[in-house]
Amino acid sequence: MAELRNIVVLTGAGISAESGIDTFRDAGGLWDKHRVEDVATPQGYERDPALVQRFYDARREAVQKVAPNPAHEALARLDREWEGGLLIVTQNVDDLHERAGASRVVHMHGELLSALCPICERRHRWTGPLIDRPECPSCEARSLRPDVVWFGEMPYQMDRIYAALRSAHLFVSIGTSGAVYPAAGFVSDARELGMKTLELNLERSEGSHWFHESREGPAGKLVPEWVDELLGTG
Ligand code: BJW
């Protein structure tokens, strides 16, 4: 037990797939329906802000209609019961970890239910659309954008994430293709730091060879099984 005291869990779109949220790179996923350069880069937003706002408004509306699944619930249970260090680093912009009850969560790619004002740099919880250019509640500028991290932008809370990785004994990656950096590099960082690494994914990912162990299957099954194992309740 002592050697597995501190854990970093990385989650990606695959953990929310069974809640009904589209992944990005699976067949029929978001990048089959939208061009990445158009909707997930600062340049795309500059070219056509309305297109980008519509894309995120639709996803903001959709996320409020879905519910956490057994994988989110199992991680929330781990958060409640694990007495050692734990950080759930999610690349997801949904709030399903929090709605399941987890609190040790970092959203490295931002959050759908948050709007960022590029003028005063304040963030506001946001549940409605942004397409109609509402005023920033702080400075009244009509420039609110989705509070998400696009390609070429710096992911959030990297210092906190790397600090957690440096003191971790186990790194677990759940439902991510390992196609996007810096998250895709965490497993090699973890290996260099000498910790155990485990992947739980529907299928082997681009970075599977980096992991000590890879388990294939749906997160809704694999994550509760792994949490039971770890907590000794399996
Ligand atoms: C299931 C399942 C089920 C399905 N159960 N599993 C090094 C090399 C090359 C390039 C770069 C590099 N470093 C940086 C870059 C550039 C770039 C990058 O990575 N480009 C790549 C294309 C190569 N990165 C950036 O620009 C990042 N910024 C940056 O690096 O700043 C500088 C910096 C340097 C050093 C340190 C720190 C910073 C920013 C990246 C921003 C990504 N943004 C997006 C959009 C966010 C908002 C939104 O949601 O719209 O983030 S893109 C999109 O991809 C989103 C996701 O979070 C991210 C990852 O996707 P994810 O979660 O892995 O989803 P999928 O669909 O790819 O995979 C799902 C997986 O689940 C699959 O494997 C399925 O099999 C599985 N699955 N059902 C279990 N039921």
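Is Phe24 buried, partly exposed or exposed, and what is its relative accessible area? I looked it up in this predicted model, where residues are numbered from 1 along each chain as its sequence is written, local features need pLDDT of at least 70, side-chain atom pairs count only at pLDDT 80 or more, and totals for chains, interfaces and linings use all residues. Side-chain values use heavy atoms, with hydrogens and water left out.

Phe24 came out partly exposed, at 23% relative accessible area. (Buried is under 20%, exposed over 50%, partly exposed in between, with a 1.4 Å probe and protein chains only.)

Next I went for ring pairs. Rings of Phe, Tyr and Trp (its six-membered ring) pair if their centres lie within 6.5 Å; planes under 30 degrees apart are stacked, over 60 edge-to-face, the rest tilted. I got seven aromatic pairs by that rule. Phe24 and Trp31 make a tilted one, because their planes are at 45 degrees, with centres 5.0 Å apart.

Trp31 is buried at 18% relative accessibility. Trp31 also pairs with Phe55, and this pair is stacked: 6.4 Å between centres, 25 degrees between planes. Trp31 is in helix H2 (residues 30–33) and Phe55 in helix H5 (residues 49–63), so the pair ties together parts 24 residues apart in sequence. (Helices are DSSP runs of H or I, at least four residues, numbered from the N terminus.) Phe55 is buried too, at 6%.

Definitions and conventions
Helices (H or I, at least four residues) and strands (E, at least two) are DSSP runs, numbered from the N terminus.
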